[in-house]
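Hi,

Here is the structure I said I'd pass on. Have a look at it first, and my notes follow below.

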Amino acid sequence: MQTRKLGSQGLEVTAIGYGAMVLEGYYGGVGDAEAIETIRQALDLGVSHIDTADAYGGGHNEGLIKQALAGRPRESATIATKFGIVFDGTPGRDLVTGWGHTLTLNGEPAYVQKSLDRSLQTLGVDVIDLWYLHYPDPATPIEETVAAMAEGVRAGKVRYLGLSNLTAEQLRRAHAVHPISAVQYEYSLWRREAELELLPTMRELGIGLVPWSPLGSGFLTGSASVGENDFRQINPRFQGENRVANEDRFAPLHEMAKRLGITSAQLALAWVLHQGDDIAPIPGTRKAARIAENAAAASVVLSAADLAYLNDLAPVGATAGGTLV
Ligand SMILES: NC(=O)c1ccc[n+]([C@@H]2O[C@H](COP(=O)([O-])OP(=O)(O)OC[C@H]3O[C@@H](n4cnc5c(N)ncnc54)[C@H](OP(=O)(O)O)[C@@H]3O)[C@@H](O)[C@H]2O)c1
């Protein structure tokens, strides 16, 4: 598996990583044994950049990673986790997302420290490779949160810092306090707003992008079916007229994938990878068999004509329906 450098501090991750959030039932349930098998399959195939968060299952997801890593060398995984969405009853600030549900956020220094020690313990590791603030806390200046995160680097508990779901302006302020290696933001053919301000700012500052939902929460694979206990029930892009419009818009993507002899998932990931070598997506799947399929996207080479066609198919803002962030 090829690797990519994120940021200017030395962080290097696999071109395709693995997003473990899907193992917490957001896209339908999966048992622990199967979940652990899927993470192990990623590690076996060299997909070593594993993304989680303390809030995914309230620590359960980090615990799955600990179990998947049991008996393997620590360096066989680059572990990325996040904090800042409160799940333990600590007071925080409520944020109503674009999908209409409420998250409670806390980026206060005391909560930063508590979160770090808890994640280290739940993951069963001495050091976290990449540690993100999941969402900025609207009541705590980002400088204060990042200064507290930097204490974790100084203490040797964290290797590299990341931030997620923030503005270009917040990123500038944060990066002035301590170098940021990676930003996590939704980015794919159906969500390209990062190209307007965030990505240019990241490139100016030398910071890498880790696109979340690089498959458009599964939509771009052409095989997404939304079940009953599936959080895409509240994602407007999957509903009613929006869904129909989006299916029409992205139908040519599936045709192109067929013509190229690859799957739609591989084409969607290959498009992301072709947007710059400072980009390393983390597709999620509950199915071990799909890890190899997604990893193979790193070897797909798209022509300039194919890229131009895809760019025209789905320019910034073209997808119907609102977004989470
Ligand atoms: N920072 C943040 O705020 C944030 C927000 C959201 C996500 N994330 C991170 O980003 C990761 C990825 O995002 P995501 O999981 O939301 O979305 P995604 O990777 O765009 O899509 C996941 C969906 O695609 C399906 N899928 C994956 N590979 C497939 C393939 N080859 N063929 C057909 N279907 C396929 C999965 O279904 P199956 O399970 O059935 O394969 C799942 O329903 C998460 O796991 C999480 O770690 C971060």
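A definition before anything else: two residues are in contact if their C-beta atoms, placed from the backbone, lie within 7 Å. Helices (H or I, at least four residues) and strands (E, at least two) are DSSP runs, numbered from the N terminus. Keep in mind that this is a predicted model: local features need pLDDT of at least 70, side-chain atom pairs count only at pLDDT 80 or more, and totals for chains, interfaces and linings use all residues. Residue numbers start from 1 along each chain as its sequence is written.

Helix 9 first. Its buried residues are Ile-291, Asn-294 and Ala-295 (buried: 20 or more other C-beta atoms within 10 Å of the residue's own, with C-beta atoms placed from the backbone). They sit on the same side of helix 9 because they cover an arc of only 95 degrees around the axis, the arc being that of the directions from the helix axis to the C-beta atoms. What covers them includes strand 3 (18-19), helix 1 (32-44) and helix 8 (264-273).

Helix 9 (residues 288-295) also gives the most to the shell around the ligand, with 3 residues. In total, 29 residues surround the ligand, and the closest are Gly-19, Met-21, Leu-215, Gly-218 and Gly-284. A residue counts as near a molecule if its C-beta atom, placed from the backbone, lies within 6 Å of it. By class, the shell has 10 nonpolar, 14 polar and 5 charged residues. Here Ala, Val, Leu, Ile, Met, Phe, Trp, Tyr, Cys and Pro are nonpolar, Asp, Glu, Lys and Arg are charged, and the others, Gly among them, are polar.

Next, a helix pair. The axes of helix 3 (residues 109-123) and helix 4 (residues 142-154) come within 9 Å and cross at roughly 35 degrees (axes are lines fitted to C-alpha atoms, for helices over the stretch in contact, and angles run from 0 to 180 degrees between N-to-C directions). Pro-109, Val-112, Gln-113 and Leu-116 of helix 3 make the contact with Glu-144, Thr-145, Ala-148, Met-149 and Gly-152 of helix 4. Those residues divide into 5 nonpolar, 3 polar and 1 charged.

Most residues other than glycine have a negative phi. Asn-165, in the loop between strand 9 (158-164) and helix 5 (168-177), has a positive phi near 55 degrees. Ser-213 has a positive phi of about 45 degrees and lies in the loop between strand 11 (208-212) and helix 7 (240-260).

Cheers

Conventions:
Buried ≥ 20, exposed ≤ 12 C-beta atoms within 10 Å, placed from the backbone.
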